[in-house]
Amino acid sequence: MIPWTLLDTAPVPGGAGELRLKRRGAEFSIMLGNNELMNSRLSGSEEALATLACAKIAGRAQPRALIGGLGMGFTLRAALGALGPQARITVAELVPAVVAWARGPMAEVFGDSLADPRLDIEVEDVGQTIRSGRGAYDAILLDVDNGPEGLTRDSNGGLYGEEGLRAARAALRPAGVLAVWSCAPDRAFSARLRKAGFRVEEAKARAHRGGGGARHVIWLATRVDSPLRPGADR
């Protein structure tokens, strides 16, 4: 068994701990304490987050998408593959070192995705990006922490509470889509999405690209600008 090698560490802004980038052969892992946030072998549900959301906005002439969290770039690369040449994709990444790792030790994982002319990377909290982008996006994709109830950083809860969901709805264009990745189901979150003015669908996706592994949850919440019929999204 090849041992893990620690490549780098980086503090999470706000005093929320320290990220560790590790490598074992061709495999990478990013950890926060004892919690593995992402692994380069497990890309299936992160890719599904992008492909499912982008399918909802297919046909828009110049779609604009916001991705919360760069991670290992699985969601980004899937979005670049799903959207056309006129698309614009912004990635908001809180930890500057994660962007540096993508351009440095994990460059082989990212390939040429970071050089795509459709991409802008902003080193800031995605919550701030959302609040400053009223009516700016056709899709917002959130793969932040482990989901609404799997938080490793308490301040991430602001994205998933009522105020954060109202801000996300305001940042979307009509019939825009808020897509949220989670490691587990959460009925209370589905209810909050509806209360905030979204039509809600839930999809399951496997951790492994070819199937297998843990079952993760992806919410596809479409901005509604007229009253829903009772039960219309159930």
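Seven strands form an open sheet in the order β7-β6-β5-β8-β9-β11-β10, with mixed pairing. Strands here are DSSP runs of E with at least two residues, helices are runs of H or I with at least four, and both are numbered from the N terminus. Two strands count as paired if DSSP finds at least two bridges between them. The edges are β7 (119-122) and β10 (198-206), each of which pairs on one side only. On average, neighbouring strands of this sheet are turned by 15 degrees against each other, direction ignored. Such angles come from lines fitted to C-alpha atoms, for helices over the stretch in contact, and run from 0 to 180 degrees between N-to-C directions.

This is a predicted model: local features need pLDDT of at least 70, side-chain atom pairs count only at pLDDT 80 or more, and totals for chains, interfaces and linings use all residues. Residues are numbered from 1 along each chain as its sequence is written, and side-chain values use heavy atoms, leaving out hydrogens and water.

Strand β6 (residues 88-92) runs parallel to β7, joined by four bridges. A92 has E122 of β7 as its bridge partner. Helix α8 (residues 187-195) packs on the sheet and touches β9 (172-182), β10 and β11 (215-223). Its direction makes about 145 degrees with that of β10. Contact means heavy atoms within 4.5 Å.

β1 (residues 5-11) and β2 (residues 18-24) pair antiparallel over six bridges.

S40 sits in the loop between β4 (35-39) and α1 (44-56). S40 is buried, at 18% relative accessible area; buried means under 20%, exposed over 50% and partly exposed in between, with a 1.4 Å probe and protein chains only. The S40 side chain reaches the backbone nitrogen of F28 at 2.8 Å. Beyond its neighbours within four places in sequence, S40 contacts A26, E27, F28, M72 and F74.

The largest nonpolar core has 44 residues, and L19, L70, L76, I89, W101, M106 and L141 touch the most other members. Such a core is a set of buried Ala, Val, Leu, Ile, Met, Phe, Trp, Tyr and Cys residues joined through side-chain atoms within 4.5 Å. Another core, of 25 residues, lies apart from it and includes I130, V144, L165 and L178.

Definitions and conventions. A polar contact is a pair of N or O atoms within 3.5 Å; within protein, one must be able to donate a hydrogen and the other to accept it, and residues adjacent in sequence count only if both atoms are side-chain atoms.
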